[in-house]
Amino acid sequence: MSSAGTAAPPAPPTLSTGRRVAGVGLATASGVMVAVQSRINGELGVRLADGIAAAVVSFGVGLLILLVLVPATPGGRRGLAALRGALRAGTLRPWQCLGGVCGAFLVATQGLTIGALGVAVFTVAVVAGQSGSSLLVDRAGIGPAGRQPVTPNRLIGAVLTVLAVLLAVGDRLGDPQALALALLPLAAGVGIAWQQAVNGRVRAASGSAMTATLVNFTVGTAALLVTFAVDLAVRGRPGGAFPDEPWLYLGGPLGIVFIALAAALVRFTGVLLLGLATIAGQIVGAVLLDLLLPTAASHPGLDTLFGAALTMVAVLVAAFGPTRRP
């Protein structure tokens, strides 16, 4: 019990199954976008012969769009004003605005590793990091949905997701070179859960998912520019050339949609369920891309298809678990 005169913090609202299921559907669709973005940025990294340069281009294009879009809309302007007020009042901490660093690292790993790993193996590494860290982030209450217990359904969903992606790409995990490269997206996956949680906090403080997305892209672009400057100093200019195909520059716009959806949905789903749903979309998207638009690094078989189906089961197990009580 709280002492007299000390108000207990309000409990977060109970989340209805309908809202969680709707959030899962949108998050799954955004996961498909991540798979497409991964293929685009991976190909751009190959063309430029520099994964960091590809990440700078991807984030930079997204930032330019947001710098025009957000101030031009009434909701965006209100969000920027609310964000400044929250930072001044201390209800939002500056470190909670740094989610874009993790997003920048993820995009950089797309450009650095997908050309060699393929989308499916890249995805399994991201999933392995994201599933475990989502449980911890939810348990710590970092996201706007507050603390969420590690219930049996959520734990089973996370474990099944990792098993599913291992099944989907198990034939590639025996390659030592692939395992070494997979450490980068594994680390990126660990950061995704924290990114989604703090971006959700920025969205809650500003009242605008697009404002939260602008903050994410601004921080991420700044981090990538510093990294690219070091890369230039150490290795010199990239050996590739800018491609002529317009679709290779769509990674940034796809990232805008994904980050905005994640920032808006995380308060309905929690970090773990949001992560599992986006993982399901990533797996399905990766399988379709590797089947319909194969590369030298991609060769999905029946195990990959079974793994994709098991991933969807894992998401449903977590989504239809007991409703969180206040």
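The questions and answers below concern this predicted model.

Me: What percentage of the residues in the protein chain is buried?
Reply: A residue counts as buried when its relative accessible area is under 20%. The protein chain has 326 residues. Buried residues make up 51% of them.

Me: Which element gives the largest share of the largest nonpolar core?
Reply: This core has 24 residues, and those touching the most other members are Leu 44, Leu 48, Phe 59, Leu 66, Phe 217 and Leu 224. Two or more residues come from each of helix 1 (17–48), helix 2 (51–72), helix 4 (99–117), helix 8 (209–235) and helix 9 (251–292). The largest share, ten residues, comes from helix 2.

Me: How many residues are in the second, separate core?
Reply: Among its members are Ala 262, Leu 265, Leu 272 and Ala 277. This second core is separate, and its number of residues is 18.

Me: Is Asn 216 buried or exposed?
Reply: Asn 216 has its place in helix 8. Its relative accessibility is 0%. Since buried means under 20%, Asn 216 counts as buried.

Me: With the side chain of which residue does the side chain of Asn 216 make a polar contact?
Reply: Leaving aside residues up to four places away in sequence, Asn 216 touches Phe 59, Gly 99, Gly 100, Gln 195, Asn 199 and Ile 259. A polar atom of the Asn 216 side chain lies 3.3 Å from the backbone nitrogen of Gly 100. The polar contact between side chains, at 3.0 Å, is with Asn 199.

Me: Is Leu 305 buried, partly exposed or exposed?
Reply: Leu 305 has its place in helix 10. Its relative accessibility is 38%. Because this value falls between the cut-offs of 20% and 50%, Leu 305 counts as partly exposed.

Notes. Residues numbered from 1 in each chain as written. Predicted model: local features only at pLDDT ≥ 70, side-chain atom pairs only at ≥ 80, totals over all residues. Heavy atoms only, no water. Core = buried A, V, L, I, M, F, W, Y, C linked by side-chain atoms within 4.5 Å. Buried < 20%, exposed > 50% of the residue type's maximum accessible area, 1.4 Å probe, protein only. Helix = DSSP H or I, 4+ residues; strand = E, 2+ residues; numbered from the N terminus. Polar contact = N/O pair within 3.5 Å; in protein donor to acceptor, adjacent residues only side chain to side chain. Contact = heavy atoms within 4.5 Å.
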